[in-house]
Amino acid sequence: MNPNTYIHPREQLAISMSWIYRHHLTNAASGNISCLDENGDMWITPADVDKGSLLPRDMVCVQADGSCIGRYQPSSEYPLHRAIYDARPDIRAIVHAHPPCGVAFSVAKRTPSGRLFPQTFRCSRNIGFAPYAKPGSEKLATAVAEKFIAGCDSIILESHGICCGGATLNEAFFRFDTLEFSARAEIRAAMIGKPHELTNEQLLLDRTRPRGFFGVLAPTTHAKPPHVINGAESICTYLKRGIDHGLFSATTGIISLRLGPDSFLINKQNADRSQIRPSDFTVINKGCVEQGCLPSHMAMIHDAIYKSHPDISCIINASPLYCLAHSICHRPIDTKVLPESYQHLHDVPLVPYEAPYRRHELIVDKISLENPAVEICNNGIMTVGRGIGDAYRSLETVESTAMAIVSSTPLGGYVPLPPSQIAELVDPEIT
């Protein structure tokens, strides 16, 4: 949602709940969202209404005196929301739902690690665990509120679900979406190896990444040229497609597109992929960025690749679940398991977490049109191509390969192609 455009709370709640339901993060009977308006009134999803069909007019306003305005009664978890707002005045929005992997952690009486993936640490570094209490009860509300008072922003509710708060509905939603995404990745990583947590130094590296690398382009009153607008629209199309296919999430997914010899287009910092628009991209030209724009934290490594590889026209950073599971375990993705994968990708090198931040040569020297994918420890995958479709196909190929490897684990694991068959793939004269 565009923070510069006013959207009524009932609209915000409907948009967020629609996303959560469509992406299988809750079911028709469970989940509730709320936010406070400028008057301090609470807008909340209704009780006993199908979460897959909620409309803005279905939302309930609970005023300061406790009176309700709306067609329905407020969610049965209203006491939980009220207790959190009373405990933490800085929280103005709450997302509570029962996503499958968050629930898996809740029944295992564990919290996901906040240190496996930098996006998790940025969004949900303070993850708490609230002991069981009956859903909808004051006891549950008190138990969860105590965790928020202790400084947590995301809570696993024992044998129940997830509850996340934020200063805005976007922030609460991002925490919720990222926490479930991280839970999914951690479960898949545990199937193939030992997940490696990021160190304090590595997490600090992500938080203190250089922001002043690019200069500032001179302001202009001219409209953006058609090739820039068309490029941004193409990236939006592929980001939305990738979200539908599980390759990106609301908070992950970076695509840049070369515009000329010394310029490219890339996501702005913290762009909401769930509501992505052409205005969420900025041009970098000859080392300068548009005035007032903060480019993605991966802009520097993209710049380095474009400078070293004039034949590359598109770069994608993504953290699809199965690639991320490999990168969390520091385990290379073995493309030799499938002939189509090896023919398209060749080997996929594994580079250290630090590579995109301060060791660019480790990626620049390994990635090319012939070897279009690089795996980054604890940070997913990077692919390149002659165009956006080419880079996207490489992303789909490497993720489907990683998925096959992880999914083979319960079956006893995978068996790579023998060297003779690999030789046939790289040398067509061998029969």
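Colleague: At roughly what angle do the axes of helix 1 and helix 6 cross?
Modeller: Helices here are DSSP runs of H or I with at least four residues, strands are runs of E with at least two, and both are numbered from the N terminus. Axes are lines fitted to C-alpha atoms, for helices over the stretch in contact, with angles from 0 to 180 degrees between N-to-C directions. On that basis the axes of helix 1 and helix 6 come within 11 Å and cross at roughly 10°.

Colleague: Before we go on, what pLDDT do side-chain atom pairs need to count?
Modeller: Residues are numbered from 1 along each chain as its sequence is written, and side-chain values use heavy atoms, leaving out hydrogens and water. This is a predicted model, so totals for chains, interfaces and linings use all residues, local features need pLDDT of at least 70, and side-chain atom pairs need pLDDT 80 or more.

Colleague: Back to the pair: are helix 1 and helix 6 roughly parallel or roughly antiparallel?
Modeller: Angles under 35 degrees count as roughly parallel, over 145 as roughly antiparallel, 65 to 115 as roughly perpendicular and the rest as oblique. With a crossing of roughly 10°, helix 1 and helix 6 are therefore roughly parallel.

Colleague: How do the residues of the contact of helix 1 with helix 6 divide?
Modeller: Contact means heavy atoms within 4.5 Å. Gln12, Leu13, Ser16, Trp19 and Ile20 of helix 1 meet Leu169, Phe173, Phe176 and Asp177 of helix 6. Ala, Val, Leu, Ile, Met, Phe, Trp, Tyr, Cys and Pro count as nonpolar, Asp, Glu, Lys and Arg as charged, and the others, Gly among them, as polar. The contact residues divide into six nonpolar, two polar and one charged.

Colleague: Which strands and helices do the buried residues of helix 1 pack against?
Modeller: Buried means under 20% relative accessible area, exposed over 50%, and partly exposed in between, with a 1.4 Å probe and protein chains only. In helix 1 the buried residues are Pro9, Gln12, Leu13, Ala14, Ser16, Met17, Trp19 and Ile20. They pack against strand 1, strand 2, strand 5, helix 6 and helix 8.

Colleague: Is His24 buried or exposed?
Modeller: His24 sits in the loop between helix 1 and strand 1. Its phi is near 60°, positive in a residue other than glycine. At 60% relative accessibility, His24 counts as exposed.

Colleague: What is the relative accessible area of Ile44?
Modeller: Ile44 is in strand 2 and touches residues including Leu13, Ile33, Met59, Val62 and Tyr78. The C-alpha atoms of Ile44 and Val62, 18 residues apart along the chain, are separated by 7.6 Å. Ile44 is buried, with a relative accessible area of 0%.

Colleague: Are helix 3 and helix 6 roughly parallel or roughly perpendicular?
Modeller: The axes of helix 3 and helix 6 come within 7 Å and cross at roughly 70°. That angle makes helix 3, relative to helix 6, roughly perpendicular.

Colleague: Which helices and strands are included in what covers the buried residues of helix 10?
Modeller: Eight of the eight residues of helix 10 are buried, so helix 10 is largely enclosed by the rest of the structure. Among them are Leu321, Tyr322 and Ile328. The cover includes helix 6, strand 16, strand 17 and helix 14.

Notes. Lists of a residue's contacts leave out its neighbours within four places in sequence.
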